[in-house]
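Hi there,

Here is the structure I promised to pass on to you. Have a look at it first, and then read my notes below.

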Amino acid sequence: MASKSDPSRLELSCSSENDTTGCSRSLRSSRVAEEQKKRGEAGESFQSALSYFSRVKAGTPWRSNDVLERHLAAVERVALSQGLPPEAVSILLEFSLSLRMGYVISTRVLKFLVPASTVPQEAVLRGISWLCVDKMPMSMQVLFIRWVITMFDLIDSKDKLRAVYGFIFSFVTQETMCPYICHLLYLLTRKENVRLHRVRKLLELQGKMGRQPFLLHLLSLYKIFCPDLVIVSMPARMKSGFRNHNSTWKSALAAVQRSSRSKLWSDLQLSTGVHQRPAARKRKLNGCISIPPVSSTLHSSSRPPSSRVFPLEQLRTFPQLLENLHQIELPAQMGSMLGSSLALHFLDCMRDSCAFLRLNYWLGSTLHEEFLFHKDTVAQDAPEVIQFLDTLISVQHFLQEGFTATELFLYKFLRVWDGSLLRPQVLGLLSDIPVVPCSRIKPCLFEPLMQLFFTSSLFFKCSVVECLNSMLQKWLTWHSVYAFEDELDISVTSQTPLNMTLSGLMDSVMALVQFVGRISTIGLQLEQYHPLLLNFTLDFYETVSDMFLKYGMPLVVLPPAGVFYPALHATEPVSVDKLCHIMYRYRTNLISAKSQEQDEKKPIEISRKTYCQFNHYVVSMVSCLWNSRAFQAGTGLEVGADVLSRSRVPEHWARFSLIHHPAFLAYAIDFHQNCWPEKMTMDLGSIKGKYWDWFVEFLFCQDFHGLKEFVQSSMNRRTSAQGSKQNSNRSQEDAVAS
């Protein structure tokens with residue numbers, strides 16, 4: 001019996017388990033079917049609600065209206081749980097702003113108007129048109145503008161909104177709406193929107209309302225775009241200009257984000273320019289010095305299917321960039337573009353003023369936070385900081401222009417800089433700043449640099465002169481690229497809003513050259529005419545000597561006597577050879593300028609004093625190196641006879657000729673030994689006549705190309721040490737002043 005009962009129990013057990021499994025499956029299926037049915041009913045109720053709000057007529061009573069309450073509940077449930085699609089946003093925004101069922105219902109609808117992906121521009125444009133209707137109360141207008149500000153980054157396009165910029169600006173005169181209109185204008189403003197009458201209106205409002213933060217922020221943006229129109233000074237540090245306008249929708253947006261698992265609003269605070277509470281100044285040092293990763297404003301799951309936007313983080317190759325050049329979306333964090341070469345190519349091609357404005361804002365905030373609001377200089381010299389600044393320098397070299405934010409930061413940082421912290425990086429950034437107007441260049445640049453220059457080491461002095469040489473080369477290059485052939489007006493760089501005339505640029509270049517001349521003269525005296533500093537100074541004047549022919553700048557500035565004569569009497573041949581090359585380039589540029597002025601009859605304003613000073617320098621060089629008449633009257637550099645007699649130097653007038661010059665003395669001895677190997681005594685005076693000519697050729701073979709250029713151009717048919725001073729002087733004056 002037992003053996004027979006066991007199989008029966010087993011079969012019973014198996015059948016009971018199968019029944020339980022089948023029952024659970026049937027219950028799960030019924031639950032899924034019920035949920036699908038509820039979702040279908042909810043979808044049908046949502047669609048019927050949208051149909052109701054699109055068809056409801058004005059004047060329909062809202063009190064004790066059960067149909068209205070049912071549809072409001074259906075729409076609100078969808079809006080706060082998963083967000084509204086674009087067509088629903090258009091319908092509900094039109095219903096709300098038209099006030100078909102009164103102010104109370106319209107306000108309620110507008111407060112739960114939370115989009116799921118994008119906001120149609122046409123809907124916002126129609127909403128702005130409702131502001132003209134007198135029946136809309138002021139509180140409703142303010143609520144709508146606050147909604148537009150909060151949803152600004154979700155608007156699918158903004159070209160038509162910018163087209164009605166003047167219409168939106170007209171509401172700035174309403175005191176209640178002024179803070180919100182200023183915020184919206186701040187988001188919409190481009191360079192073409194800045195006009196003189198708008199600047200005057202904002203200044204007039206500032207006179208009535210005081211220096212309100214929202215007015216100051218909008219004026220500061222206008223000044224960035226057009227500094228020539230906004231002449232009022234702005235405070236260095238301003239309070240937050242725009243209040244937290246998005247508190248009504250912030251929690252709802254966060255709930256929608258969590259439900260859709262998207263990163264739609266990960267950068268909401270940055271892109272809208274508002275935040276609940278400003279970050280404390282005493283945060284962790286270097287916490288944000290790294291370049292953020294590239295990420296789009298909209299997550300791919302939140303984009304509508306018809307969107308043709310190409311996210312920047314998906315850009316991998318240069319052909320992709322070319323194929324999607326007009327569909328690429330700017331990243332949510334503009335600082336991330338610094339770390340991508342393809343992103344920089346895109347930025348360089350598009351030349352979008354708003355993109356540069358956002359990038360300058362991020363750079364300015366980062367640089368100020370890291371270097372001006374912290375006292376720990378040890379942490380500021382960390383490898384991460386050096387890497388960040390090196391990346392910034394390479395980006396500016398790639399774009400071939402400096403950022404406005406970097407320029408403004410440097411003007412402030414130079415006043416607190418000790419000259420040693422991050423020296424290569426700071427000077428590298430300094431060499432990239434655009435042309436500074438002559439009225440600002442002295443207080444912003446020259447004064448702090450001069451204090452550091454005279455109190456620092458030799459190597460710092462050399463670094464500063466090299467930095468200013470690089471700066472001058474870039475200024476001259478910008479001039480040669482952006483100057484028109486037949487016009488004198490030039491626009492300095494494509495993204496810098498500063499417009500400067502040719503005369504203004506020449507004044508700035510002249511001020512820079514004269515400044516380097518002053519500090520070099522004193523610096524050479526302080527450093528005992530060190531060859532290294534002298535070499536960097538001559539490199540600078542090598543750039544200056546070719547400004548007219550190489551860069552098209554109608555300006556010739558000669559080196560001061562404190563630079564010229566130390567180079568002429570230097571003890572190393574490199575300095576003398578470089579001085580000869582510089583004087584050769586000056587001669588070529590002056591002759592070319594003179595001939596162009598006579599042939600083309602163009603007003604090239606190079607003064608007679610410049611020609612005379614050049615001839616004066618050439619006579620000094622010929623008298624010292626060639627004619628053996630140094631320090632005598634009429635040779636440029638005169639020294640009293642009593643001083644020369646007290647020196648007890650025999651034949652002092654010939655001590656700086658080619659054969660006795662300290663720079664070429666070793667070559668003269670070598671030449672003498674090769675010519676007269678049997679002589680036991682050294683007599684350099686025997687190098688004359690044909691031997692003098694051979695010695696000159698011997699120097700040319702030692703790669704003294706500058707000396708060769710000067711001799712062949714400025715001392716034609718002068719093949720010996722004999723000759724009159726008058727003929728020498730006349731030959732030089734005829735070369736450049738005829």
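**Salt bridges and cores**

Asp539 is partly exposed, with a relative accessible area of 23% (buried is under 20%, exposed over 50% and partly exposed in between, with a 1.4 Å probe and protein chains only). Please keep in mind that this is a predicted model, where local features need pLDDT of at least 70 and side-chain atom pairs count only at pLDDT 80 or more, while totals for chains, interfaces and linings use all residues. Residues are numbered from 1 along each chain as its sequence is written, and side-chain values use heavy atoms, leaving out hydrogens and water.

What does Asp539 pair with? Asp539 forms a salt bridge with Lys578, with 2.6 Å between the closest N and O atoms (a salt bridge is a side-chain nitrogen of Lys or Arg within 4 Å of a carboxyl oxygen of Asp or Glu). Lys578 is buried, at 15% relative accessibility.

Another salt bridge joins Glu527 and Lys461, at 3.1 Å. Here Lys461 is buried, with 2% relative accessibility. Arg440 and Glu407 also meet in a salt bridge, at 3.8 Å from N to O. Glu407 is buried at 8%, whereas Arg440 is partly exposed at 33%. The count of salt bridges comes to 11.

Now for the nonpolar side chains. The largest nonpolar core has 138 residues (a core is a set of buried Ala, Val, Leu, Ile, Met, Phe, Trp, Tyr and Cys residues joined through side-chain atoms within 4.5 Å). Leu430, Val509, Met583 and Leu658 have the most contacts inside this core.

Enjoy exploring!
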